[in-house]
Amino acid sequence: MDDISDEPALCGVAQSRAEAGSNGIWGEPALVDTAAADAERSRHRAWLAEQWARTSAKTRFGVFFLLCAFSGLAAIPCAVLKESFGYGALLIVVAAPVAEEMAKAILPLMVLEKRPWFFGSYLSIVLVGLLSGAVFASVENALYFFVYIPSEKLTQGTILWRLIVCTAMHVGCAALACSGLARAWSRARERRAEFEMSVAMPRLIAAVAIHGVYNLGALIFAIFSR
């Protein structure tokens with residue numbers, strides 16, 4: 001009787017992740033202890049190790065360059081659209097920090113989820129986060145200076161606060177979130193395995209929490225300074 005290892009799709013060379021996936025046959029309860037599942041698990045591990053080993057420095061630099069060019073831009077729609085959703089306290093303190101921190105980290109996260117071996121170092125991931133945060137802060141500051149705040153109410157103190165404090169908050173939180181991604185990347189590289197989002201979550205949550213506390217402080221200040 002033929003078993004699953006005789007299937008054409010499972011014979012021969014190791015499959016790509018898209019074909020085998022992290023939810024391969026070895027994860028099926030009915031097949032988890034079978035020889036076919038063990039063989040498929042071994043093939044998948046071998047394929048992962050091969051991707052980590054053979055990805056060139058040129059490819060990694062190209063990915064890093066593209067992410068530096070576009071990661072900040074990916075967060076711009078969030079900066080532009082968030083004002084259209086109103087100024088509710090829950091939105092400002094909870095929803096906005098979650099959306100903004102995810103927007104700043106979304107492109108490197110997408111690459112890491114599919115091809116973590118496209119990154120060459122911990123620092124490269126953090127640098128993408130720093131640049132993404134800086135671009136986001138610059139766009140948001142420009143919107144406040146030229147669109148949201150009437151010119152007669154735009155004081156030098158407001159300008160300095162946004163340029164220094166708000167920018168530092170956005171850049172710092174983006175770097176913290178991406179350091180979580182980098183930590184998960186380092187673990188995946190050491191194991192020649194897949195990226196695990198659970199490893200990155202504590203720092204991503206910390207970035208959201210810091211952003212939320214900042215927004216709460218700004219909201220309280222705005223209420224009591226009226």
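This is a predicted model: local features need pLDDT of at least 70, side-chain atom pairs count only at pLDDT 80 or more; totals for chains, interfaces and linings use all residues.
Colleague: How many helices and strands does the protein chain have, and in what order do the elements run?

Modeller: The protein chain has 7 helices and 0 strands, and from the N terminus on its elements read α-α-α-α-α-α-α. Of its 226 residues, 38% count as buried, and among contacts between residues at least 6 apart in sequence, 75% join residues at least 24 apart.

Colleague: What makes α5 and α6 roughly antiparallel to each other?

Modeller: Helix α5, residues 122–148, and helix α6, residues 156–191, pack at an angle of about 150°, with their axes 7 Å apart. Angles over 145 degrees count as roughly antiparallel, and α5 and α6 are therefore described in that way. The crossing in which α5 passes α6 is right-handed, and the residues of this contact divide into 19 nonpolar, 7 polar and 3 charged.

Colleague: Why are α4 and α6, by contrast in wording, called roughly parallel?

Modeller: Their axes come within 9 Å and cross at roughly 25°. Since angles under 35 degrees count as roughly parallel, the term applies to α4 and α6. This crossing is right-handed, and the α4 side of the contact consists of Glu100, Glu101, Lys104, Ala105, Pro108, Leu109 and Leu112, while the α6 side consists of His170, Cys173, Ala174, Cys178, Leu181 and Trp185. By class, these are 9 nonpolar, 1 polar and 3 charged residues.

Colleague: At what angle do α4 and α5 cross, and which residues make the contact?

Modeller: The axes of helix α4, residues 89–114, and α5 come within 10 Å and cross at roughly 145°, in a right-handed crossing. From α4 the contact draws on Glu100, Lys104, Pro108 and Leu112, and from α5 on Ile125, Val128, Ser132, Gly133, Phe136 and Glu140. The classes here are 5 nonpolar, 2 polar and 3 charged.

Colleague: How do you know that glutamate 140 and arginine 162 meet in a salt bridge?

Modeller: The N to O distance between their side chains is 2.8 Å, and the cut-off for a salt bridge is a side-chain nitrogen of Lys or Arg within 4 Å of a carboxyl oxygen of Asp or Glu, so the pair meets the criterion. Glutamate 140 lies in helix α5 and arginine 162 in helix α6, so the pair ties together parts that are 22 residues apart in sequence. Both glutamate 140 and arginine 162 are buried.

Colleague: How many salt bridges does the structure hold, and how far apart are the closest N and O atoms of arginine 191 and glutamate 196?

Modeller: The structure holds 5 salt bridges, one of which joins arginine 191 to glutamate 196, with the closest N and O atoms 4.0 Å apart. Arginine 191 is exposed, at a relative accessible area of 52%, whereas glutamate 196, at 30% relative accessibility, counts as partly exposed.

Colleague: Why does histidine 211 count as buried?

Modeller: Its relative accessibility is 1%, and buried means under 20%, so histidine 211 falls in that class. Histidine 211 lies in helix α7, residues 197–224, and, leaving aside neighbours within four places in sequence, is in contact with Pro97, Glu100, Glu101, Met169, His170 and Cys173.

Colleague: Where is alanine 193 found, and which residues does alanine 193 touch?

Modeller: Alanine 193 is found in the loop between α6 and α7, and, not counting residues up to four places away in sequence, touches Leu48, Trp52, Pro116 and Ala188. Alanine 193 and tryptophan 52 are 141 residues apart in sequence, and their C-alpha atoms are 8.4 Å apart in space.

Conventions: Residues are numbered from 1 along each chain as its sequence is written. Side-chain values use heavy atoms; hydrogens and water are left out. Axes are lines fitted to C-alpha atoms, for helices over the stretch in contact, and angles run from 0 to 180 degrees between N-to-C directions. Helices (H or I, at least four residues) and strands (E, at least two) are DSSP runs, numbered from the N terminus. Angles under 35 degrees count as roughly parallel, over 145 as roughly antiparallel, 65 to 115 as roughly perpendicular and the rest as oblique. A crossing is left-handed if the near helix is turned anticlockwise from the far one by less than a right angle, and right-handed if clockwise. Ala, Val, Leu, Ile, Met, Phe, Trp, Tyr, Cys and Pro count as nonpolar, Asp, Glu, Lys and Arg as charged, and the others, Gly among them, as polar. Buried means under 20% relative accessible area, exposed over 50%, partly exposed in between (1.4 Å probe, protein chains only). Contact means heavy atoms within 4.5 Å.
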